[in-house]
Amino acid sequence: PQQARSRRTTGQILDAAEQLLAAEGIENLTMAEVSKRAGVSIGAIYGRFEGKSGLLRAVKDRALHQLEAELADRYEAPASGIEDVIRQLVETVAPAGRRRLLEPAPEAEGIPLGQREALARQRLAFMFKDAARGHRNQIAHPSPHVALEVAFRLVIAGLASYDEMTRTSEGKPLPLDVLRIEVVRAVTSYLCDAGARP
């Protein structure tokens, strides 16, 4: 019972920290706010994690592992085509918390935190390229390997830009659903359009 309670408390702390990280960003994540949201003492947090940097590493590691597992699950079923491969990546990464997870993190308490994010981006890119190779015949670009690398980067950068550029150049809000559809369309066109050949 005590171990189960300890695991439950650790889960509450990680959940609270992940929610704060997604909503407020790394700079506004404080142990006091995590304690308040999780309903546990600050001592309970420090008893499980080595300060803010240890908590951040644990939160990001858990969330990135879940992100990687979800994309792997999506790619288990054969995609109907290259557009479906792109759509699955977009749908996995698009939620706000997920977009922020993949951003390179600054140092916290002098400890670099960007290594786990870089590893996650590499793993997601590998899964995306592996799933897309089954539809190589649809890729019109003269260098499919380069095109898939660029396509992956376009998806990640396109979705990451949403938080900074929520409005169009006319000042109107751009719904995330519209951006998701258009990113899929743009990247599919880039890969499959015969006009991409030099």
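**Burial, charge pairs and packing**

Trainee: Is lysine 129 buried or exposed?

Mentor: With a relative accessible area of 12%, lysine 129 is buried, where buried means under 20% relative accessible area, exposed over 50%, and partly exposed in between, for a 1.4 Å probe and protein chains only. Keep in mind that this is a predicted model, in which local features need pLDDT of at least 70 and side-chain atom pairs count only at pLDDT 80 or more, while totals for chains, interfaces and linings use all residues. Residues are numbered from 1 along each chain as its sequence is written, and side-chain values use heavy atoms, with hydrogens and water left out.

Trainee: Which residue forms a salt bridge with lysine 129?

Mentor: A salt bridge is a side-chain nitrogen of Lys or Arg within 4 Å of a carboxyl oxygen of Asp or Glu, and the partner of lysine 129 is glutamate 149, with the closest N and O atoms 2.3 Å apart. Because glutamate 149 lies in helix H8 (residues 144-164) and lysine 129 in helix H7 (residues 114-133), the pair ties together parts that are 20 residues apart in sequence; helices here are DSSP runs of H or I, at least four residues, numbered from the N terminus. Glutamate 149, at 22% relative accessible area, is partly exposed.

Trainee: How many salt bridges does the structure hold?

Mentor: The structure holds 13 salt bridges, including one between the side chains of arginine 87 and glutamate 83, at 2.9 Å from N to O. Both of these residues lie in helix H5, four residues apart, about one turn of the helix; arginine 87 is partly exposed at 31%, and glutamate 83 is partly exposed at 37%.

Trainee: At what angle do helices H4 and H5 pack?

Mentor: Two packed helices are described by the angle between their axes and the distance between the axes. Helix H4 (residues 51-76) and helix H5 (residues 82-93) pack at about 155°, with their axes 10 Å apart, the axes being lines fitted to C-alpha atoms over the stretch in contact, with angles from 0 to 180 degrees between N-to-C directions. H4 and H5 are therefore roughly antiparallel, a term for angles over 145 degrees.

Trainee: Which residues of H4 and H5 meet?

Mentor: Leu67, Glu70, Leu71, Arg74 and Tyr75 in H4 meet Val85, Gln88, Leu89, Glu91 and Thr92 in H5, contact meaning heavy atoms within 4.5 Å.

Technical notes. Helix = DSSP H or I, 4+ residues; strand = E, 2+ residues; numbered from the N terminus. Parallel < 35°, antiparallel > 145°, perpendicular 65-115°, else oblique.
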